[in-house]
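Trainee: Could you take me through this structure step by step, and let me ask about each part as we reach it?

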Amino acid sequence: MTASDPDFDELVAPLREDNVSGATELSQTAAEVLRRAAIRVQAGSVAELRWGLGQVCAKILDAQPSMAPMVTLVRGVLDAVEPEESVEDGRLAAADAAEAFRAGFETRVRAVVETARALLPPAGMVGTISASGSVRELLASEAPRRRCRVLCFESRPMQEGRSLAGALAEAGVSVTFAVDAAMDALVPECDVVLLGADSVGDEGIANKIGSCALSRAAARLGIP
């Protein structure tokens with residue numbers, strides 16, 4: 001299979017079509033795409049392997065351009081293929097790099113959750129929007145123990161906030177699910193607002209539309 005093979009477009013299609021999942025889930029999907037590509041792309045030399053993987057990497061970045069972890073993933077996979085290696089060794093190195101990214105990402109998410117525990121109040125209301133995997137993991141594990149309630153906004157137009165609210169409710173969290181239009185009316189009930197982020201960089205923070213409005217509403221009221 002070459003990197004222009006329609007099958008690779010099919011591999012990347014779930015990334016391109018997913019407008020609901022957060023960076024955690026999408027990064028895991030992208031790592032699996034590259035692991036498969038490392039094994040399947042046609043190449044008679046290491047140079048051709050790197051070129052083919054590079055084309056798949058470009059498709060991944062084009063599918064999810066705002067997700068910062070994707071850049072780390074593709075860089076790690078391409079850097080793992082050494083010019084002096086055999087093609088088979090290069091395939092193995094690239095596949096191992098994709099798998100190592102996936103395992104390492106889970107470790108980093110746990111580290112973020114551990115750091116964020118200090119941000120939660122001992123009780124009270126936590127406001128959020130969209131469906132951050134890190135936020136979900138933190139609130140599912142800590143909110144019931146601290147007796148925190150969660151105010152979860154729907155996150156139009158895809159309403160992924162509904163899936164977050166459902167997951168938290170199943171974990172035993174007391175959840176209020178609200179339409180985005182009620183944001184100004186309901187944010188005053190919050191003790192803290194907690195958001196994920198697709199990327200954080202020199203140009204600012206990228207996250208689901210609605211994050212800015214929620215942050216500004218909290219800032220006006222002095223809510224951290």
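This is a predicted model: local features need pLDDT of at least 70, side-chain atom pairs count only at pLDDT 80 or more; totals for chains, interfaces and linings use all residues.

Trainee: Which residue in strand 2 does G127 stand opposite?

Mentor: Strand 1, made of residues 124-129, runs parallel to strand 2, and the two are joined by 6 bridges. Within this pairing, the residue of strand 2 that stands opposite G127 is L151.

Trainee: What handedness does the β-α-β unit of strand 1, helix 6 and strand 2 have?

Mentor: The unit is built from strand 1, then helix 6 with residues 133-146, and then strand 2. The handedness of this β-α-β unit is right-handed.

Trainee: Which residue is the bridge partner of R149 in strand 3?

Mentor: Strand 2 is also joined to strand 3, residues 174-178, by 5 bridges, and these two strands run parallel. Between them the chain crosses through helix 7, residues 160-170, in a β-α-β crossover that is right-handed. In strand 3, the residue that bridges to R149 is S174.

Trainee: Is T24 buried or exposed?

Mentor: T24 belongs to helix 2, which takes in residues 23-40. Apart from neighbours within four places in sequence, T24 is in contact with F105, V109, G133 and S134. A residue counts as buried when its relative accessible area is under 20%, and because the relative accessible area of T24 is 17%, T24 is buried.

Trainee: Why do the buried residues of helix 9 lie on the same side of the helix?

Mentor: The buried residues of helix 9, which holds residues 211-220, are S211, L214, A217 and A218. They lie on the same side of helix 9 because the arc they cover around the axis is only 135 degrees. As a general point, an α-helix has 3.6 residues a turn, so residues three or four places apart point the same way.

Trainee: Which exposed residues does the face of helix 9 turned away from its buried side carry?

Mentor: The buried residues of helix 9 have a cover that includes strand 1, strand 2, helix 8 and strand 4. On the face turned away from that buried side, the exposed residues are R216, A219 and R220.

Trainee: How many helices and strands does the protein have?

Mentor: The protein has 224 residues, of which 47% count as buried, and its C-alpha trace spans about 60 × 35 × 30 Å along the principal axes. Its secondary structure comes to 9 helices and 6 strands.

How values were computed. Residues are numbered from 1 along each chain as its sequence is written. Side-chain values use heavy atoms; hydrogens and water are left out. Two strands pair if DSSP finds at least two bridges between them. Helices (H or I, at least four residues) and strands (E, at least two) are DSSP runs, numbered from the N terminus. A crossover is right-handed if, with the strands pointing away from the viewer, the path from the first strand over the helix to the second runs clockwise. Buried means under 20% relative accessible area, exposed over 50%, partly exposed in between (1.4 Å probe, protein chains only). Contact means heavy atoms within 4.5 Å. The arc is that of the directions from the helix axis to the C-beta atoms.
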